Amino acid sequence: MFGEDKIGPASVADLVRDDGLVHSSVYTDQKIFDLEMERIFHRTWLYVGHVTEVPNQGDYRRKTMGRHPVIFVRGDDDKVRVLMNRCRHRGAMVAEVDKGNVQHFRCPYHGWAYDTTGKLTTMHYESGYKGLVDTETLGLDPVPRIGEYRGMVFASLSPTGRTLDEHLGAAKSRLDIAIDVSPTGDIFASHGMNRTKYRGNWKLVGMDGYHPTVLHASMFTLRSKSGQGSYRDPWGEGSESVTRHLGNGHVMLDLTLPRAANAEEQVHHYMELPGGPEYIRDMKARYGEERALFLIGNHGDPHIGLFPNMQIIGSHIRVIIPLAPGLTEVQMFPMAMGGVSDEINQYRLRRHEFSYGPSSFVQPDDTEIFERTQLGMMAQVNPWLNLTRGLTREHRDTDGTTVAGISDELTQRQQLMEWRKLIEQETV
Ligand code: FES
Ligand SMILES: [Fe+2]
């Protein structure tokens with residue numbers, strides 16, 4: 001175990017080893033968590049929100065970037081910004097509730113007010129500041145860098161570093177799977193959000209293809225009993241599914257091949273829904289037969305994790321918010337599709353609720369096992385975790401990404417390699 005003075009990037013790097021062994025302090029230690037905030041969450045690109053969460057001028061949502069409270073807002077100039085939720089007077093948060101529509105953010109402490117572009121417009125008893133301040137320079141601070149990919153807004157608290165385009169890299173074409181499942185190429189993350197908070201580390205969330213057939217066995221049994229078929233196959237040892245590393249710690253449980261092969265069954269199901277035949281027709285018209293069937297067979301689910309804080313699983317965008325080494329909030333935003341009937345969007349939402357709702361068949365199992373894992377890791381007579389599964393099966397795919405079997409721990413290893421790289425960097 002490292003002690004007070006041993007902690008530092010050099011020793012932290014030793015905790016994630018090339019041979020697949022990982023020291024559990026990576027998940028439990030407060031100093032490591034502090035380093036993660038400083039060197040990962042306060043530097044790299046984070047997913048903030050989708051533009052459809054703030055469709056109208058003055059719409060805002062409170063968000064968190066590492067330890068920074070921020071406001072995701074569409075200004076009265078129609079531009080979407082990420083502003084620090086911190087009054088320029090003495091630091092109080094100016095957005096008091098999680099979401100709303102405003103003309104101004106008026107600080108509840110002494111009444112300074114800012115417009116929806118962040119500009120300071122009013123100082124209470126302004127004459128006291130005569131000759132002392134330049135109001136032009138006292139707006140809400142914007143996040144140093146902001147970028148967007150097809151409606152998905154990312155931001156970085158570092159003014160320098162790789163561009164969003166470089167950061168996303170090969171992940172972009174996988175994000176397209178979630179967007180192109182709409183026949184108009186529009187998705188809406190504006191229909192609310194469900195969240196869960198668990199007493200476990202943020203890095204425990206998802207991207208593990210080894211556990212579903214065990215931890216979620218009850219769900220598979222239920223599905224096959226209700227005649228919805230067994231989803232075991234895409235997860236089984238012999239399946240065509242793979243774990244895939246897309247670069248920069250972005251990983252994927254790539255179920256696309258078996259799911260695409262199952263597309264006709266999905267088409268048949270859609271054809272029975274109101275608006276279904278039109279959906280299939282419009283998809284084929286826009287994307288061509290092959291791509292349309294690929295997208296429909298996959299339900300627009302890339303099953304992807306963008307390091308460090310975003311995943312797209314099923315039909316929702318998942319945001320991971322670390323609160324402490326052993327406390328994490330996960331927010332899930334179901335995506336509705338543009339250009340389809342309400343019934344089709346309701347079908348997707350019911351599927352989301354089945355697996356990821358508050359009393360569903362997947363998410364509560366995950367939450368429970370994360371808490372048990374966090375507790376188990378407190379037994380540190382031997383603190384090493386074994387993430388070696390499939391290490392010798394890793395290989396390069398034709399597109400340059402790295403793959404291994406669907407139940408291999410390539411995904412966790414690659415996330416932790418990116419984690420290690422960022423933690424080791426003293427400057428950006
Ligand atoms: S802290 Fe905002 S007006 Fe004083
Ligand atoms: Fe799970």
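Guide: A residue is called buried if 20 or more other C-beta atoms lie within 10 Å of its own, exposed if 12 or fewer, and partly exposed in between, with C-beta atoms placed from the backbone. This is a predicted model, in which local features need pLDDT of at least 70, side-chain atom pairs count only at pLDDT 80 or more, and totals for chains, interfaces and linings use all residues. Residues are numbered from 1 along each chain as its sequence is written, while chains are lettered from A and ligands numbered from 1 in the order in which they are written.

Visitor: Which residues are exposed on the other side of α14?
Guide: Helix α14 comprises residues 363-376; helices are DSSP runs (H or I, at least four residues) and strands likewise (E, at least two), numbered from the N terminus. Gln-363, Asp-366, Phe-370 and Gln-374 are buried in α14. These lie on the same side of α14 because they cover an arc of only 70 degrees around the axis, taken from the directions from the helix axis to the C-beta atoms. Exposed on the other side of α14 are Arg-372, Leu-375 and Gly-376.

Visitor: In what order do the 4 strands of the open sheet lie?
Guide: Strands pair if DSSP finds at least two bridges between them; 3 bridges join β3 (residues 59-65) to β6. The edge strands, each pairing on one side only, are β5 (80-84) and β6 (99-101). With antiparallel pairing, the order is β5-β4-β3-β6.

Visitor: Which residue in β6 is the bridge partner of Tyr-60?
Guide: Strands β3 and β6 run antiparallel, and β3 covers residues 59-65. The partner of Tyr-60 in β6 is Gly-100.

Terms used
The expected span of a helix is 1.5 Å times one less than its number of residues.
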